Amino acid sequence: MGIRTGTQYIEGLKSRSPEIWLEGRRVTDVINEPVFKQPIEEIAKLYDMQHDPKYQDAITHICEETGERVNNAFLHPTTYEQLMARSQLFEIYARSTFGLMGRTPDFLNVVVTGMAHNGWFLDQYNPEWSVNIRNYYNYIRDNDLFLTHAIINPQNDRSKNSHGQKDMFTHLGAVEETPEGLIVRGAKMLATLAPITDEVIIYSFPGFAPGDERYALAFAVPVDTPGLKLLCREPMQDGKRSQFDHPLASRFEEMDALLVFNDVLVPWDRVFLYNNVEAANLLYPKTGIAQQPAHQSGVRGYVKLAFATEVACKLADSIGVDGYLNVQNDLGELVQNVEVIRSLLRVAEYEYETTASGEVMPNAAALETIRGMLPKMYPRAIEVIQIIGAGGLLMSPTGNDFNAPEIRSEIDKYYLGRDGVDSLERVKLFKLAWDLCGEAFGQRLVQYERYYTGDPIRKRAIFYNGYKRKATFSMVDEALSVTNQFVKDQPKLAK
């Protein structure tokens with residue numbers, strides 16, 4: 001089939017009946033559920049872009065195996081040009097959502113592409129696993145499917161590994177093997193956009209210890225597989241807010257869900273890793289499923305930071321405060337932060353690495369630096385918006401107020417901005433800013449960025465330790481060479 005349209009994506013959602021729980025009730029019509037309705041439309045727009053002449057050649061390509069047009073997320077990059085073709089897709093998709101939707105279809109399709117084209121790693125443990133992931137890659141590529149994933153254990157007793165929890169199946173683990181497949185039980189989070197996806201793929205971060213064998217799993221199943229429950233968090237918006245009053249929250253709310261597997265059957269041909277702690281710990285570094293998706297998240301994070309910076313600049317301009325030195329300093333900081341991330345992306349792409357298997361990957365150090373800096377830079381951008389908007393962020397009228405003749409003159413008088421900025425323009429900007437910096441929707445975006453790849457302190461420590469293992473500190477040695485010579489010439493000093 002190749003690339004789908006937005007209508008085909010929606011028809012796919014209609015054909016399934018996942019067990020979705022939202023605010024204590026089961027959702028039986030996901031298409032018309034207010035909380036999901038607009039996000040579905042936003043994802044559908046991404047699918048339609050694949051057929052738009054303006055974007056088609058930039059975000060899709062003709063598959064050599066099938067002759068069908070497929071998304072560039074399914075490109076296995078072996079050249080710089082192919083790497084940049086994926087980068088272009090990432091940016092076009094990110095700009096269409098202002099970087100506010102972190103789990104658009106391209107993200108996990110890149111993950112599966114990386115796993116499938118590094119089957120040599122899985123072959124070392126079980127050749128069937130590599131066959132399964134390659135077949136699964138072909139399946140989602142040829143049907144243009146939308147995946148969610150859940151790779152984190154519920155936050156229970158974090159002082160203990162999975163096998164040390166009070167209940168053996170608090171964390172997702174294998175129960176038994178059957179001729180048809182593997183029975184799994186337990187929970188995983190944080191499945192973003194799960195209710196409006198086609199399939200879920202499960203894998204985990206490194207960190208397994210002896211005794212965790214049953215929890216060392218990687219597999220994929222349809223989102224409506226019997227026994228799988230999607231327990232949604234509290235919505236950040238009810239789906240009924242006007243787009244005037246909430247131009248972002250009304251459109252880009254990404255529902256997150258806890259996935260509960262109640263003795264779910266995973267067919268053997270959908271199992272990619274099982275009962276092997278060593279393989280589970282090496283899956284990330286050996287298959288590129290950390291590095292390649294980090295390219296997508298880096299581009300998306302860059303667009304998101306650039307959008308927040310634009311909001312801050314426009315907000316300051318609308319009330320004339322960007323003439324003050326302290327505001328200029330804050331805004332200059334944000335603009336420079338955007339340039340830092342943009343530059344790191346270009347370095348990551350230009351200084352690419354080629355693996356032994358011929359896969360081209362963005363430079364790992366540059367991508368990891370982005371991952372280390374965005375958790376500080378994005379919250380800082382939100383803080384600057386809050387500082388600039390101050391009390392005005394709390395005082396915006398509604399769209400209905402503009403339509404009330406009895407108070408329209410007062411609205412126009414007291415809500416106007418600097419010369420040239422009328423009340424409508426000023427209020428629209430302040431509402432946009434409040435959605436981003438004050439609403440629950442915006443606060444989720446901050447928390448999302450802070451912990452996107454896990455504990456930022458731990459991640460930076462891992463980065464340093466990796467740097468220390470490889471570094472020679474040759475400049476320090478060279479600087480000390482004159483001192484060493486002096487000591488050598490002064491035997492008494494050496495003693």
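A: **Ring pairs and their surroundings**

Tyr-9, Tyr-47 and Phe-146 are joined by ring pairs into a cluster. Rings of Phe, Tyr and Trp (its six-membered ring) pair when their centres lie within 6.5 Å; planes under 30 degrees apart are stacked, over 60 edge-to-face, and the rest tilted. The model is predicted, so local features need pLDDT of at least 70 and side-chain atom pairs pLDDT 80 or more, while totals for chains, interfaces and linings use all residues. Residues are numbered from 1 along each chain as its sequence is written, and side-chain values use heavy atoms, without hydrogens and water.

In total, the structure holds 16 aromatic pairs. One of them joins Tyr-9 to Tyr-47. This pair is stacked, with 5.2 Å from centre to centre and 20 degrees between the planes. Helices (H or I, at least four residues) and strands (E, at least two) are DSSP runs, numbered from the N terminus.

Are the two tyrosines, Tyr-9 and Tyr-47, buried or exposed? Tyr-9 is buried because its relative accessibility is 0%. Tyr-47 is also buried, at 2% relative accessible area. Buried means under 20%, exposed over 50%, and partly exposed in between, with a 1.4 Å probe and protein chains only.

Another pair has a different label. Phe-205 and Tyr-284 have ring centres 5.3 Å apart and planes at 35 degrees, so this pair is tilted. Phe-205 lies in the loop between β8 (199-202) and β9 (217-222), and Tyr-284 in helix α9 (residues 277-287), so the pair ties together parts 79 residues apart in sequence. Phe-205 counts as partly exposed because its relative accessibility is 33%. Tyr-284, at 12%, counts as buried.

Two rings have a charge over the face. Arg-103 lies over Phe-107, at 4.0 Å from the ring centre. Lys-304 lies over Tyr-378, at 4.5 Å from the ring centre. The cut-offs for this are NZ of Lys or CZ of Arg within 6 Å of the ring centre and within 35 degrees of the ring normal.

His-117 is in the loop between α5 (105-116) and α6 (119-123). His-117 is buried, at 18% relative accessible area. The side chain of His-117 reaches the backbone oxygen of Thr-113 at 3.0 Å.

Next come the backbone details. Between Met-189 and Leu-190 the peptide bond is cis, with omega near 10 degrees. Leu-190 belongs to strand β7 (residues 181-192). Leu-193 sits in the loop between β7 and β8. Leu-193 is not a glycine, yet has a positive phi of about 65 degrees. At 2% relative accessibility, Leu-193 is buried. Phe-473 also has a positive phi, of about 55 degrees, without being a glycine. Phe-473 is placed in the loop between α17 (456-470) and α18 (474-489). Phe-473 is partly exposed, with 41% relative accessibility.

Ile-289 is in the loop between α9 and α10. At 3% relative accessibility, Ile-289 is buried. Ile-289 and Asn-329 are 40 residues apart in sequence and 39 Å apart in space, C-alpha to C-alpha.

Now the spaces. On a 1 Å grid over the protein atoms alone, a cavity is a set of points where a 1.4 Å probe fits but cannot get out; a pocket is an open set with protein on both sides within 12 Å along at least five of seven lines; lining residues have an atom within 4 Å of a point. Points join across faces, edges and corners, and volume is the space filled by probe spheres set on them.

The second largest pocket has a volume of about 210 Å³. Of its 14 lining residues, His-61, Phe-74, Leu-75, His-76 and Tyr-137 are closest to the centre. Helix α7 (residues 127-143) gives the largest share of this lining, 3 residues.

There are 3 cavities of 30 Å³ or more. The largest cavity holds about 90 Å³ of space. Its lining includes Ala-294, Arg-300, Leu-367, Arg-371, Glu-449 and Tyr-452. Both α10 (291-318) and α12 (364-389) supply at least two lining residues each. The largest share, 5 residues, comes from α12.

Definitions and conventions: A polar contact is a pair of N or O atoms within 3.5 Å; within protein, one must be able to donate a hydrogen and the other to accept it, and residues adjacent in sequence count only if both atoms are side-chain atoms.
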